[in-house]
Amino acid sequence: MAAKTRLRLAIQKSGRLSDDSLELLKRSGLRIRKRRDRFIAHCDALPIDVLFVRDDDIPGLVMDDVVDLGIVGRNVLREAALGRKSAAGSGAFRELENLDFGNCRVSIAVPDDTSYDGPHSLASKRIATSYPRLLESYLSGKGVTFQTCDLNGAVEIAPRAGLADAICDIVSTGVTLEANGLREVETIFESTAVLVRTARHLSDEQEDLVRKLLTRFRGVISARESKYIMLHAPKSRLDEIVAILPGAEDPTILSLSSSPDKVAVHVVSRENLFWETMEELQKLGATSILVLPIEKMLA
Ligand code: PRT
Ligand code: ZN
């Protein structure tokens, strides 16, 4: 049989990770011809097929070798992996990269008017959650036994509805908890979207493609965090100016033919340049300060 050359990548069809996942693929040069009603799409430039599925299905598709790669929240991945372990399934996958979007945490929250004095306060309490295994793994580590109430949505209304004493759910800004009269008391898991791959051996062509994709993803992610900074600096204050530029270990200094006492400074910074620093630079005599986004980076 001929070695497989194409890669299959699963991403969320519609939800909080969909736009960022598609944007990452696009910025990585994977032009996808997606038809509205289609479950699978092909990339123009690389031999990659993209499957659009529910996020909860992605860990299983990777672990069962139906797809080679997936983009999914670590919270969903970990919950599924714990499920496979308890069911003695294969559960084989490798996390390749933190993709720097979909940031959230899985937390325990109790009603505002309930006292809380550490995890033992939850002993024998009923906790509503969509993450029963993550919760069990966290609380059993603290020696606390509890009762579960597994819900797949509207977890935050469970205490008010009299279904549970506490909840364990995803929190991002905390607004949902507040709106439901709940207060966050324990963070049990920190999550972001991750690129995950099957642990199975792939063909040489597929391994090359995974490496290429990963390099491009990393290039997009580091570009997103970085800025290209340009400014004009008086030669007399150059050292002071370079010293306050974030991540400016290796600036490019260019002479300016129209102003012999000034130079142009160009820097790729790993961080954003805040207004406060720009104002300080100005006080040191810097002019024409420009901060530009970087689209792609390849070291
Ligand atoms: O339909 P499908 O099954 O594919 O999607 P879904 O509805 O199960 O998941 P979706 O799209 O809501 O979330 C997908 C992933 O996004 C999650 O598994 C997390 O990894 C990540 N993520 C990041 C979040 C949030 N932030 C988030 N804030 N997922 C959900 N929320 C919800 C949370 O459940 C709660 O209801 O937002 C609310 C809390 O937000 P705050 O800002 O009020 O705290
Ligand atoms: Zn889901």
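Predicted model: local features only at pLDDT ≥ 70, side-chain atom pairs only at ≥ 80, totals over all residues.
The domain assignment divides the chain into three parts: domain 1 is made up of residues 3-100 together with 193-224, domain 2 covers 104-191, and domain 3 spans 226-293. The centres of domain 1 and domain 2, taken over C-alpha atoms, are separated by 30 Å. Nine residues from domain 1 and 11 residues from domain 2 take part in the contact.

The area buried between domain 1 and domain 2 amounts to about 810 Å², with 56% of it on carbon and sulfur atoms. On the side of domain 1, Arg74, Asn75 and Glu79 account for 65% of the area buried against domain 2, more than any other three residues.

Polar interactions across this interface were also examined. Six residue pairs are in polar contact between domain 1 and domain 2, with both members of each pair at pLDDT 80 or more. Helix α3 (residues 74-86) contributes eight residues, the largest share of the side of domain 1 that touches domain 2. By residue class, that side comprises two nonpolar, four polar and three charged residues. Side chains of opposite charge can pair when their charged atoms come close. Between domain 1 and domain 2, the count is one salt bridge. A salt bridge joins the side chains of Arg133 and Glu79, with an N to O distance of 3.6 Å; Glu79 is also one of the three residues that supply 65% of the area buried by domain 1 against domain 2.

In total, the count comes to 15 salt bridges. Among them is the pair formed by the side chains of Arg200 and Asp65, at 3.3 Å from N to O. Arg200 lies in the loop between β12 (193-198) and α6 (204-225), whereas Asp65 lies in the loop between α2 (58-63) and β5, so this pair ties together parts that are 135 residues apart in sequence.

Key:
Residues numbered from 1 in each chain as written. Chains lettered and ligands numbered in written order. Heavy atoms only, no water. Domains from an automatic or database assignment. Contact = heavy atoms within 4.5 Å. Buried area = accessible area lost by both parts, 1.4 Å probe. Salt bridge = Lys/Arg side-chain N within 4 Å of Asp/Glu carboxyl O. Polar contact = N/O pair within 3.5 Å; in protein donor to acceptor, adjacent residues only side chain to side chain. Helix = DSSP H or I, 4+ residues; strand = E, 2+ residues; numbered from the N terminus. Nonpolar A, V, L, I, M, F, W, Y, C, P; charged D, E, K, R; others polar.
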